[in-house]
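Visitor: I am new to this structure and would like a close look at a single part of it. Could you take me to the aromatic rings, and then show me what lies around them?

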Amino acid sequence: MKPSSINDIENGKLDKNREKISKSNSSRVVKIHNQALLSGLAYCISSCSMILVNKFVLSSYDFNAGISLMLYQNLISVSIVSILSLSGLISTEPLTWRLIKVWLPVNFIFVGMLITSMFSLKYINVAMVTVLKNVTNVITALGEMYLFKKYHDSKVWAALFLMIISAITGGVTDLAFNATGYAWQTLNCFLTASYSLTLRRVMDTAKQVTKSGNLNEFSMVLLNNALSLPLGIFLVVVFNEVDYLLRTPLLRLPSFWMVMTFSGFLGLAISFTSMWFLHQTGATTYSLVGSLNKIPLSVAGIFLFKVPTSLQNSTSIFFGLLAGVFFARAKIREKSQS
């Protein structure tokens, strides 16, 4: 065989190999893109659905036992995570007494955060809840400044200022204003910010007392929800929800139990999809999508529950949602610069 023929064969093989590598790389990029898109879509659907279903249970069914609803949802989460852990599909840390003692303070805040969210959602429409939740960012930023000496740039503070203005104007123009609901939501903002700030410190300490020296997201889901059960039972008794549960005809409706159980699965779905989405993208994309996600949620809340609104209130809500997006973008820019 002539040398030129050998070269032609070798060049042909090289071209084929390059084509294979090129196709492999392009298919990998498409796969990663699809995973990110799919995880983002799953996260958006589960988080929106959770709030809307909770609102439906508390308002449309007029269920007056928000703590019991939280307790049932957390029980479902504990059951599913435990089953997945026992089957070897996921790994979780054993709940030792040392770990429980470290985690208990943050769990009290976690339970308070869930309960106040339930109580506020019963009295306030979904759109106003999403806008008022922006106040949590303001409290968190102030907490970071005083506790961790973390300072933010002018664009972040400008976004936070816009959030405060939108929350005030939204409350003033809210045609369905309810002082009780706003009080619960204000308390929820403080508890949510406290949870976020406390979690950072507790996680580092908790990792030191685990057997593996690590604490993954599945372990945190199990830890939070499992520890919330005895505290939830105690609060059900204190708030006298037992008497209501014995009297309400809702517990005899199969459809009500289906909706309740569905809300429990959604609660766990948020934990899983948020971890999946965060893994596929990153903290910056996650925070930005979380802010954008509030826009369709607010619109859906207004139309599904036939919320009475005005042009001024709708403008305040839209202004608040845009402020949330502006805040996420400012945080991304701040993080990239640092």
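Guide: Let us start with a cluster: ring pairs link Phe56, Tyr61, Phe63, Tyr244 and Phe256. Rings of Phe, Tyr and Trp (its six-membered ring) pair if their centres lie within 6.5 Å; planes under 30 degrees apart count as stacked, over 60 as edge-to-face and the rest as tilted. A word on the source: this is a predicted model, in which local features need pLDDT of at least 70 and side-chain atom pairs count only at pLDDT 80 or more, while totals for chains, interfaces and linings use all residues. Residues are numbered from 1 along each chain as its sequence is written, and side-chain values use heavy atoms, with hydrogens and water left out.

The whole structure holds 10 aromatic pairs. One of them joins phenylalanine 56 to tyrosine 61, edge-to-face, with 5.2 Å from centre to centre and 75° between the planes. Phenylalanine 56 is partly exposed, because its relative accessible area is 35%; buried means under 20% relative accessible area, exposed over 50%, and partly exposed in between (1.4 Å probe, protein chains only).

Helices (H or I, at least four residues) and strands (E, at least two) are DSSP runs, numbered from the N terminus. Aspartate 62 has a phi near 55°, a positive value in a residue other than glycine. At 43% relative accessibility, aspartate 62 counts as partly exposed.

Next is helix H2, residues 66-86. Its 21 residues should span 30 Å at 1.5 Å a residue, and the end C-alpha atoms are 30 Å apart, so the two agree; the expected span is 1.5 Å times one less than the number of residues. Just after H2, glycine 88 takes a positive phi of about 85°.

H8 (217-238) and H9 (241-247) are also worth a stop, with asparagine 240 in the loop between H8 and H9. Asparagine 240 has a phi near 55°, again a positive value in a residue other than glycine. Helices H8 and H9 each supply at least two residues of a nonpolar patch. That surface patch is formed by Ile233, Val237, Val242 and Leu246, with about 390 Å² of accessible area together. Accessible areas come from the Shrake-Rupley method with a 1.4 Å probe, and for residues only the protein chains shown count as cover. Leucine 246, in helix H9, is exposed, with a relative accessible area of 68%.

Serine 228 lies in helix H8 and counts as buried, at 0% relative accessibility. Leaving aside neighbours within four places in sequence, serine 228 is in contact (heavy atoms within 4.5 Å) with Leu71, Asn74, Asn107 and Val111.

To place all this in the whole, the protein chain has 13 helices and zero strands. Of its 338 residues, 43% count as buried.

Methods
Patches are made of residues with over 30% relative accessible area and no salt bridge: like charges are joined within 9 Å, nonpolar side chains (Val, Leu, Ile, Met, Phe, Trp, Tyr) within 5 Å. A salt bridge is a side-chain nitrogen of Lys or Arg within 4 Å of a carboxyl oxygen of Asp or Glu.
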